[in-house]
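Colleague: I would like to learn how to read a protein model. Could we go through one together, feature by feature?

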Amino acid sequence: MSARIIDGKSFAATLRDRVGTEVSRLKDSYGVTPGLAVVLVGEDPASQVYVRNKGKQTLEAGMHSVEHRLAAETTEADLLGLIDSLNADPAIHGILVQLPLPGHLNSDLVINAIDPAKDVDGFHISNVGLLGTGQKAMVPCTPLGCILMLRDLHGDLSGMEAVVVGRSNIVGKPMANLLLGESCTVTIAHSRTRDLAETCRRADILVAAVGRPEMIPGDWVKPGATVIDVGINRIAAPEKGQNDDGSAKTRLVGDVDFASASAVAGAITPVPGGVGPMTIACLLANTVTAACRIHG
Ligand code: GUN
């Protein structure tokens, strides 16, 4: 058996189209252009790439995009001052502070300074609480992208066994809450789970969000299961040769061993091209949702 490959790029393109339509409606009916502000502190190369992509796609969706790039030494007081001014800015409907922040900054304090109505990451404690109690919340983008793909694939998820491997605040925990909201039977597994292989084998829906390259092999996957691989790991790829400076070329892999898992699963997201493209599309969708709640 060979799994259906879930095309995240195509899902994301469809969602971006829908966002574009909603942006036009807000402009035409209310004279409002949804605006997203992204704040980056420091020069982490991966974060710089993410922030650039977010800005580019925000503009392509017809929205207003603002980037604030701050020095790594920025003080907490200065960062909180910027967040206050963005909270008060009527042209800004969504605020995202790129994580991780440099070590001297308290991420919880910074995230909780964002107006929850503009918290398009869904990381503010109010949104976490709303999601955890099944109320209308701003939902973190990566889990939201996963649940949209799962709903499209299966329709009704109720009664399915879902195993989420990873307990992060950004993916694992909100993903589990969303699956619970879909009436799945949900297990959160992690590095201390006693028999991780056996736990994974129970899953009709297996979500891998641990950040460890190719950790989950095919024989941990139940035949016919749907596998959602959230991992994006860069590993050395000696088979691709060397760069000009003599360093090894690299390639991206997920948390799941795609070759063996795709021989067993019913459907699987590839890396790259699976969950990744949905994350930014959901950020745009959350920004439009925030603008609609204020204006439309
Ligand atoms: N760093 C890695 N993923 C994310 C995310 O989804 N949002 C923010 N703000 N920072 C991140």
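**Reading the model step by step**

Modeller: Gladly! UniProt, in an unreviewed entry, lists residues 6–121 as "domain: Tetrahydrofolate dehydrogenase/cyclohydrolase catalytic". UniProt positions follow the numbering used here, feature names are shortened, and annotations may be inferred rather than shown by experiment. Residues are numbered from 1 along each chain as its sequence is written. This is a predicted model: local features need pLDDT of at least 70, side-chain atom pairs count only at pLDDT 80 or more, and totals for chains, interfaces and linings use all residues.

Colleague: How many helices and strands does the chain have?

Modeller: Helices (H or I, at least four residues) and strands (E, at least two) are DSSP runs, numbered from the N terminus. Here the chain has 10 helices and 11 strands. Residues 6–121 are 49% helix and 16% strand, with end C-alpha atoms 24 Å apart.

Colleague: What radius of gyration does the chain have?

Modeller: That radius is taken over C-alpha atoms, and the globule rule is 2.2 Å times the number of residues to the power 0.38. For 296 residues a compact globule would be near 19 Å, and the chain's 20 Å agrees.

Colleague: Where does the ligand lie relative to the domains?

Modeller: Domain bounds come from an automatic or database domain assignment. In this chain they give domain 1 (31–115) and domain 2 (141–277), whose C-alpha centres lie 28 Å apart. Both domains give residues to the shell around the ligand, so the ligand lies between them.

Colleague: Which residues surround the ligand?

Modeller: A residue is near a molecule if its C-beta atom, placed from the backbone, lies within 6 Å of it. The ligand is surrounded by L96, V97, Q98, L99, D121, C141, T142 and I170. β4 (94–97) and α6 (141–154) each supply at least two residues of this shell.

Colleague: Is G166 buried or exposed?

Modeller: Count the other C-beta atoms, placed from the backbone, within 10 Å of the residue's own: 20 or more is buried, 12 or fewer is exposed, and in between is partly exposed. G166 has 23 such neighbours, so it counts as buried. It sits in the loop between β5 (161–165) and α7 (172–181).

Colleague: And what about I232?

Modeller: I232 counts as partly exposed because it has 18 C-beta neighbours inside 10 Å. I232 is in the loop between β8 (226–229) and β9 (233–236). UniProt's unreviewed entry includes both G166 and I232 in the feature "binding site".
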